Amino acid sequence: MGTTVKPPPQPEPASVAAARKLHLLLRSRDLRPALAYLATLPSPLTLLPNHALNALLRALAAAGRVRAATDLFRRIPNPTAHSFNSLIAALLGRGRRRAANAVLAAFLRSPIASPDSTTLNTLLHGLSTASPRPSPPYLLDLFRFLPRTYAFAPDAISYNSLLCALCRAGDLITARKLFDGMRVRTDSVSPNVVTYTTMIKAYCARRLADEALAVFEMMATDGVAPNRITYNTMLQGFCEAGRMELVKGLLETDSFKPDTCTFNTLMAAHCREGRIKEAVEVFSQMVELCVSHDSASYSMVIRALCDNRQFVMAEELVDELLEKEVLKKRGGCVPLIAAYNPVFVYLCENGKANKARMLFGQLLDRRSKVDFAAFKTLILGHCKEGDFEEGYQLVLSMLKRDLVPDDECYIAVVEGFSQKGRMKIAWEALHRMLNSGLRPSTSTFHSVLLGLLKKEGCAKEAADLIDIMLERKIRQNLDLSTNLIDALFKSNLNDRAYKIITSLYDHGYYIKMENLIGGLCEEKKFTEAAELTLFSFHKKEDLGLSICSMVLDGLCTTGRASDAFRLFYELIESGSSSAAAEPRSLVALHHALEEDGKMKEADFVAKQMRRAAARIRQMV
């Protein structure tokens with residue numbers, strides 16, 4: 001017998017291969033690889049089939065990119081009913097009811113696509129959760145109009161969606177009529193566990209425990225088995241209605257196997273009534289029944305224990321929570337940071353801020369809703385223990401989350417770093433405080449400025465601080481301002497020093513110019529001293545003969561006779577007369593000019609010396 005040769009496999013069509021790869025990429029939460037792949041396709045809107053484009057549309061909507069989903073929908077050549085349904089669901093889910101109505105109108109006008117039961121289900125669910133919610137008559141008209149106009153039969157999901165929408169709208173009478181009508185129908189649509197649970201939940205929300213129990217008994221009569229959600233819904237409703245005898249009877253039901261949600265509901269009920277002991281007992285029973293605790297279990301009991309001032313037991317539960325890494329486990333509800341505030345306060349007041357920080361960090365990792373009070377408690381707790389670095393990191397974490405730390409948080413960090421001598425970080429924290437719109441006290445400004453001046457290499461930061469103080473009209477300190485200018489000259493930041501001096505005087509402040517010029521002369525910086533001397537005379541500030549003579553002598557001894565003469569001439573022109581310097585300094589200036597061959601300038605000095613001598617004789 002001859003062997004049969006299999007024909008070679010046919011190559012996969014390009015559209016099928018592209019759609020398959022796109023579906024695989026869309027399994028990831030990160031849409032960037034899928035969008036990048038889409039950009040590589042030559043004509044993606046014509047190459048990809050509709051089911052692939054619809055999958056991309058749903059993924060964009062689920063990621064919150066509704067505008068991108070809408071743009072993609074408009075570019076689909078022939079949108080199907082599934083395309084319309086996907087976009088309508090996305091728009092209603094984002095509360096964009098007007099845009100959803102516009103898409104629905106286009107859907108009804110479409111020549112190639114028509115609404116189906118999925119459209120009806122999407123509208124009922126989306127409209128019932130939107131704000132404002134439509135009226136019950138509107139929902140009923142919609143329920144009748146679409147199936148009759150477009151010839152499709154509502155399915156069980158449609159009836160359940162309408163029932164849920166009516167319950168959310170608060171029309172229990174109409175909802176009950178629909179429910180009873182479903183029970184007597186003979187067609188394929190009959191109430192299921194979702195139908196009964198929806199009706200039970202509606203009664204429980206109104207605290208109508210007896211009516212909810214009657215519907216629960218109907219389930220057994222109709223042969224519909226309740227599920228976990230049904231039992232927990234009833235349990236929560238009975239607890240909120242205060243019908244603990246019904247709770248006890250429900251727990252004794254053989255078919256009911258309590259889960260974590262069940263015990264959490266019981267603990268919440270006990271905590272609301274102040275029965276802390278009973279709540280702790282329920283918490284312990286979970287271990288005995290091999291039911292795992294979740295973050296809600298711990299947060300409720302810890303909060304209740306703290307409210308009852310049983311902090312030792314609450315801390316033990318915190319230790320257990322951290323050891324078992326409950327908050328790191330996926331699934332379950334997202335915990336509230338605010339629920340742990342009492343235990344944060346206790347830990348930080350008792351020198352255990354690091355433990356509080358570990359707990360707080362795990363809560364943040366779970367994307368819990370941030371809480372200002374918790375941040376503040378931990379910041380002050382770390383600063384109290386001397387860990388200012390961790391306190392400052394929490395301040396930065398607050399700013400990243402658009403929370404503004406208050407004055408107390410900032411001041412604790414600023415003063416802490418100042419005490420440690422870490423002035424650059426103290427200045428940075430103070431600068432962030434100012435950018436947050438807060439105004440520290442004048443003493444805080446002066447404290448940071450003093451620390452910066454004491455720290456070597458911080459003259460620039462100190463100058464920046466002075467500029468901000470002047471801009472915000474913060475009172476200046478004479479000694480600190482003088483020390484700052486001296487530090488700037490020592491750091492060779494002369495231009496910055498002159499600028500700040502001018503700004504200080506323009507704002508009505510002064511510096512100890514005699515001390516400053518004297519210090520410059522000691523450091524042989526006579527040119528800078530001469531500039532400040534002239535500045536003082538222009539500001540009508542009397543420096544005295546000794547200061548002027550010191551500057552003139554220094555310039556002459558360092559071979560700068562021309563600069564010395566220029567200073568002397570400016571002093572004479574400013575109205576200081578020849579008494580601008582001591583006679584010995586004028587003699588030294590005269591000799592220095594003659595040695596440099598500046599005879600004209602030397603004659604001018606000699607003339608001023610003779611005039612000064614004549615005045616002295618006249619006075620005698």
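1. In this predicted model, the buried residues of helix α16 are Thr-260, Thr-262, Phe-263, Asn-264, Thr-265, Leu-266, Met-267, Ala-268, Ala-269 and His-270. The helix is therefore mostly covered, with ten of its 13 residues buried, where buried means under 20% relative accessible area. The elements that cover these buried residues include α14 (228-240), α15 (244-251), α17 (276-288) and α18 (295-307).

2. The length of α16 (residues 260-272) may be checked by simple reasoning. The expected span is 1.5 Å times one less than the number of residues. For the 13 residues of α16 this gives 18 Å, and because the end C-alpha atoms are 18 Å apart, expectation and model agree.

3. Both ends of α16 deserve attention. Just after the helix, Gly-274 adopts a positive phi of about 80°.

4. The largest nonpolar core contains 202 residues, and Tyr-340, Phe-344 and Leu-359 touch the most other members. Leaving aside residues up to four places away in sequence, Leu-359 touches Val-318, Leu-321, Leu-322, Leu-327, Tyr-340, Val-343 and Phe-344.

5. The largest pocket has a volume of about 500 Å³. Its lining comprises 22 residues, and those nearest the centre are Cys-164, Arg-168, Thr-197, Thr-198 and Lys-201. Helices α8 (117-129), α10 (156-168), α12 (193-205) and α14 each contribute at least two lining residues. Which helix supplies the largest share of this lining? That helix is α12, with seven residues.

Definitions and conventions:
Residues numbered from 1 in each chain as written. Predicted model: local features only at pLDDT ≥ 70, side-chain atom pairs only at ≥ 80, totals over all residues. Heavy atoms only, no water. Helix = DSSP H or I, 4+ residues; strand = E, 2+ residues; numbered from the N terminus. Buried < 20%, exposed > 50% of the residue type's maximum accessible area, 1.4 Å probe, protein only. Contact = heavy atoms within 4.5 Å. Core = buried A, V, L, I, M, F, W, Y, C linked by side-chain atoms within 4.5 Å. 1 Å grid on protein atoms, 1.4 Å probe; cavity = no way out; pocket = protein on both sides within 12 Å on 5 of 7 lines; lining within 4 Å. Points joined across faces, edges and corners; volume = space filled by probe spheres on them.
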